[in-house]
Amino acid sequence: MSVNFHKPKKHLDKGIKIPLYLQLYDIVHDEIMKGIWKPGDLLPSESEFAEHYDVSKITVRQVFDMLAHEGLLRRQRGKGTFVTQPDLAGNIGYVYDFSLEMQSLGLKPATRVLSTHFAFGSHDSALMLQIQDGSEIACIERLRLADNSPISIEETYLVHSLCPGIFDGHDYSKESITKVLADQYGIRLVKAKQIVRAIAATPQIAHLLETYANAPILYVERVALSNKNVPIAYVRIYYRPDRYELQSELPIYQGP
């Protein structure tokens, strides 16, 4: 089924430093995640998108390529571009909003805040965030659930000097840290560096994830950077591998 552009129209801002393709990507990605465009829907053509948002077809094609790589769109020769529904898996090449990702999969997301507190940066966290040892860090620990089943534990460490008052008036069981950083502090996270490895669950982690001590779990360690290439957030995530998986699509090196 083809879906027309919805109203009111969202406009791209050509007066800011955020590239047009990223602005358009945010709009289309958000609308897919919110179900405005549903799995099976036929999107308007690249030409229609270009005319509607006053951008080039190259910009639209770049956005479609990004969304197709994430598994949110699929192209069918001679028929057009369709919205698809990804499996319960994260693409290791992208960082998703947990709630929107779960909603797109037809699951009910929930977040339980385990703690919010300040700490002084240890050597490891200070090194990741490129700050001095002992600098103040804001820490947010959350349990992520889908359909009432625990999926992951997420520990986020923020450079407090860059986002003072980050805890004030916010409920991080409902709010996105990324969105608060963008809306309140003008900090846009644009890329991340991460490592993924298997570790054994500690008794505390095992209890929260409803598994057993020393069970193998998937551990992700990530540093998120702003558009100024400044480290803002150091994130540690512990996943139950029987309930969540990370996927990636890699090019094959053919040699010289």
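Ring pairs link W37, F49, Y53 and F64 into a cluster. The model is predicted: local features need pLDDT of at least 70, side-chain atom pairs count only at pLDDT 80 or more, and totals for chains, interfaces and linings use all residues. Residues are numbered from 1 along each chain as its sequence is written, and side-chain values use heavy atoms, leaving out hydrogens and water.

**Overall chain**

- The protein chain has seven helices and ten strands. These are DSSP runs (helices H or I, at least four residues; strands E, at least two), numbered from the N terminus.
- Of the 256 residues in the protein chain, 41% are buried. Buried means under 20% relative accessible area, exposed over 50%, and partly exposed in between (1.4 Å probe, protein chains only).
- Contacts are heavy atoms within 4.5 Å. Among those between residues at least 6 apart in sequence, 57% join residues at least 24 apart.
- The chain exposes about 14,400 Å², and carbon and sulfur atoms supply 52% of that area. Areas come from the Shrake-Rupley method with a 1.4 Å probe; for residues, only the protein chains shown count as cover.

**Aromatic pairs**

- The structure holds six aromatic pairs. Rings of Phe, Tyr and Trp (its six-membered ring) pair if their centres lie within 6.5 Å; planes under 30 degrees apart count as stacked, over 60 as edge-to-face and the rest as tilted.
- W37 and F49 form an edge-to-face pair, because their ring centres are 5.6 Å apart and their planes stand at 70°.
- This pair links distant parts of the chain, twelve residues apart. W37 sits in the loop between helix 1 (20–33) and helix 2 (46–53), while F49 belongs to helix 2.
- W37 and F49 are both buried.

**Helix 6 (residues 177–185)**

- I177, V180 and L181 are the buried residues of helix 6. They lie on the same side of the helix, because they cover an arc of only 100° around the axis. The arc is that of the directions from the helix axis to the C-beta atoms.
- An α-helix has 3.6 residues a turn, so residues three or four places apart point the same way.
- K179 and D183 are exposed, on the face turned away from the buried side of helix 6.
- The buried residues of helix 6 pack against strand 5 (136–146), strand 6 (149–159), strand 7 (189–200) and strand 9 (231–239).
- S176 caps the N-terminal end of helix 6, with a side-chain oxygen 3.3 Å from the backbone nitrogen of T178.
- G186 follows helix 6 and has a positive phi, near 70°.

**L181 in helix 6**

- L181, a helix 6 residue, is buried at 0% relative accessibility.
- Not counting residues up to four places away in sequence, L181 touches L158, C163, I166, G186, I187, L189 and I232.
- L181 and I166 are 15 residues apart in sequence, and 8.2 Å apart in space, C-alpha to C-alpha.

**S152 in strand 6**

- S152 lies in strand 6. Its relative accessibility is 2%, so S152 counts as buried.
- Not counting residues up to four places away in sequence, S152 touches R142, L143, R144, L209, I237, Y238 and Y239.

**Cysteines**

- The structure holds zero disulfides. A disulfide is a pair of cysteine sulfur atoms within 2.5 Å.
- C139 is buried, with a relative accessible area of 1%.
- C163 is buried too, at 0% relative accessibility.

Methods. Polar contact = N/O pair within 3.5 Å; in protein donor to acceptor, adjacent residues only side chain to side chain.
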